Amino acid sequence: MNVQVTRWDPETDSRPHLQLYQVPLPADGTHTVMDVLDYIYEKLDGTLSYYRHSVCNQGICGRCAVRVNGKVRLACTCRVWEESLELGPKNENVVKDLVVR
């Protein structure tokens, strides 16, 4: 699947930009946006910043919220069905990449 992620470090970059990643998607529909982000971080780009903690995948705290194809969703519970995703920060208060205040 094609995954476009908004990348931006306000301390070093003048503006945000999209970065494209190719991520394998199993046909069983069990992957979440968090699984996609973990794959990118672990296998493709260890510089990607997103919020994850030990109790993620519970949908409780809401800190992992990101914009998924234009709608704010929890990355830990949002299932991936599409062949392409565009992921961005949930608001404009960007610390780095998908991490916001």
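1. Reading along the sequence, you get the pattern β-β-α-β-β-β-β-β. That comes to 1 helix and 7 strands, where helices (H or I, at least four residues) and strands (E, at least two) are DSSP runs numbered from the N terminus. Bear in mind that this is a predicted model: local features need pLDDT of at least 70, side-chain atom pairs count only at pLDDT 80 or more, and totals for chains, interfaces and linings use all residues. Residues are numbered from 1 along each chain as its sequence is written, and side-chain values use heavy atoms, with hydrogens and water left out.

2. On overall shape, the C-alpha trace spans about 40 × 30 × 25 Å along its principal axes. The radius of gyration is 13 Å, which agrees with the value near 13 Å for a compact globule of 101 residues; it is taken over C-alpha atoms, and the globule rule is 2.2 Å times the number of residues to the power 0.38. The accessible surface is about 6100 Å², with 47% of it belonging to carbon and sulfur atoms (Shrake-Rupley method, 1.4 Å probe; for residues, only the protein chains shown count as cover).

3. How much of the protein is buried? Buried residues make up 37% of the 101. For the cut-offs, buried means under 20% relative accessible area, exposed over 50%, and partly exposed in between (1.4 Å probe, protein chains only). As for contacts (heavy atoms within 4.5 Å), take those between residues at least 6 apart in sequence: 46% join residues at least 24 apart.

4. Now the strands around β3. Strand β3 (residues 65-68) runs antiparallel to strand β4 (residues 71-74), and 4 bridges join them; two strands pair if DSSP finds at least two bridges between them. The hairpin of β3 and β4 has 2 residues between the strands, and N69 takes a positive phi near 50° there. β3 also pairs with strand β5 (residues 84-89), again in the antiparallel sense, over 3 bridges.

5. Next, the nonpolar core, meaning a set of buried Ala, Val, Leu, Ile, Met, Phe, Trp, Tyr and Cys residues joined through side-chain atoms within 4.5 Å. Which members of the largest core touch the most other members? They are V3 and V33, out of 22 residues. β1 (2-7), α1, β3 and β5 are the elements that give two or more residues to this core, and α1 has the largest share, 5 residues. Leaving aside neighbours within four places in sequence, V33 is in contact with V66, V68, A75, C78, V80 and L87. As background, nonpolar side chains tend to be buried together in soluble globular proteins.

6. T6 lies in strand β1 and is buried, at 17% relative accessible area. Not counting residues up to four places away in sequence, T6 touches P16, H17, L18, L87, G88, P89, D97 and L98.

7. Then there's the loop between α1 (33-44) and β3, where Q58 lies. Is Q58 buried or exposed? Q58 is exposed, with a relative accessible area of 52%. Setting aside residues up to four places away in sequence, Q58 touches C76 and T77. S49 and V99 are 50 residues apart in sequence and 6.4 Å apart in space, C-alpha to C-alpha. Apart from neighbours within four places in sequence, S49 is in contact with K96, D97, L98 and V99.

8. Last, the aromatics: the structure holds 1 aromatic pair. The rings of Y41 and Y50 have centres 6.1 Å apart and planes at 75°, so the pair is edge-to-face. The rule covers rings of Phe, Tyr and Trp (its six-membered ring) with centres within 6.5 Å; planes under 30 degrees apart count as stacked, over 60 as edge-to-face and the rest as tilted. Y41 is partly exposed at 40% relative accessible area, whereas Y50 counts as buried at 14%.
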